[in-house]
Amino acid sequence: MRAYLPAYKLVSPPSLHDALHQLAREPGVWKPFAGGTDIMVLLEAGKLPHRNYIDIFNLKELKGINVTGESVTMGALTTYTEVQQNPILRQEFPMLSQAASETGGLAIQNRGTLGGNIANASPAADSPPALLAYDAELELVSADKARWIPYDQFHTGYKQMSLQPDELLRSIRLRRPTKGQQHYYRKVGTRKAQAISKVCFAGVGRVNEGKFSDVRIALGSVAPIPLRCAKTESVINGRAPGDDTVKAAIAELQREIAPIADVRSTADYRLRVAVNLLRDFLSQMGTVAQT
């Protein structure tokens, strides 16, 4: 059944300053409405519980991609299309560009935003594993302060975040350079396009002097949150490519993730796919190192 539209309220503040003060005046009453690609699905199905929203999609303070010698900073309203069109992101952060290209169809990519994908906090979202593997940082702002936190500290539980009721996500920062890193991103779904992932895997790393280094791994759809697999990384880093390292890494990954069975897949399938993707990632890194 569809929602009753007059029961909802949407306001459009002219600036970030006004939006933040609206949130501060009535904490918890208002929620941000960015691209709306997830919210509108719930609204159409009559399952959108919250009633009051602040339209932030046109706030210029949340837009734009700023590139310096040390970092790339993306406004929270950066769309998937803008990610794909940016030459620095395509070249230096290809997993994020690939994730953007595999998120929904063209209409979703033109409207959906990175900040919305993060704050929606779905464990099956496509861009968070890439951002986690790239060690992203998030800027959170309120009417009276701003703070940066590592992205891997943002998700605290299913649909729970380190985001106060009076805060908005303003920007996402990725550190440069990534030269010499190998990048590996795989999304496994029912179809090749416009499907919610059954497992999403993102991994980066290097092989220096015959050993893995700077390996970072993140997965989606295998835990209550998009998961940075720090324990598995610690098993891999400092070891030489080979069967023993792969076996040790797989054993740790199986302990670190907690896939569930739902309408899209079984827990056993998700676990098997995650293991196979980890094996493929490490194998490809080792092969490239030998060439």
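A residue counts as buried when its relative accessible area is under 20%, and this cut-off is applied below to a structure that is a predicted model.

With a relative accessible area of 0%, Cys200 is buried, and Cys229, likewise at 0%, is buried as well. A search of the whole structure finds zero disulfides. Cys200 takes part in no disulfide, since the nearest cysteine sulfur, which belongs to Cys229, is 12 Å away, whereas a disulfide would need the two sulfur atoms to be within 2.5 Å.

| Residue | Relative accessible area | State |
|---|---|---|
| Cys200 | 0% | buried |
| Cys229 | 0% | buried |

Ser142 is found in the loop between β6 and β7 (146-150), where its side chain makes a polar contact of 2.9 Å with the side chain of Asp144. Leaving aside residues up to four places away in sequence, Ser142 touches Leu20, Asp166 and Glu167.

The largest nonpolar core has 32 residues, and within this core Leu138 and Leu174 touch the most other members. Several elements each supply at least two residues of this core, including the helices α3 (80-85) and α5 (94-101) and the strands β6 (137-141), β10 (168-175) and β12 (199-208). When residues up to four places away in sequence are not counted, Leu138 touches Ile118, Arg147, Trp148, Ile149, Tyr151, Phe154, Leu169, Ser171 and Ile172.

Key
Residues numbered from 1 in each chain as written. Predicted model: local features only at pLDDT ≥ 70, side-chain atom pairs only at ≥ 80, totals over all residues. Heavy atoms only, no water. Core = buried A, V, L, I, M, F, W, Y, C linked by side-chain atoms within 4.5 Å. Buried < 20%, exposed > 50% of the residue type's maximum accessible area, 1.4 Å probe, protein only. Helix = DSSP H or I, 4+ residues; strand = E, 2+ residues; numbered from the N terminus. Contact = heavy atoms within 4.5 Å. Polar contact = N/O pair within 3.5 Å; in protein donor to acceptor, adjacent residues only side chain to side chain.
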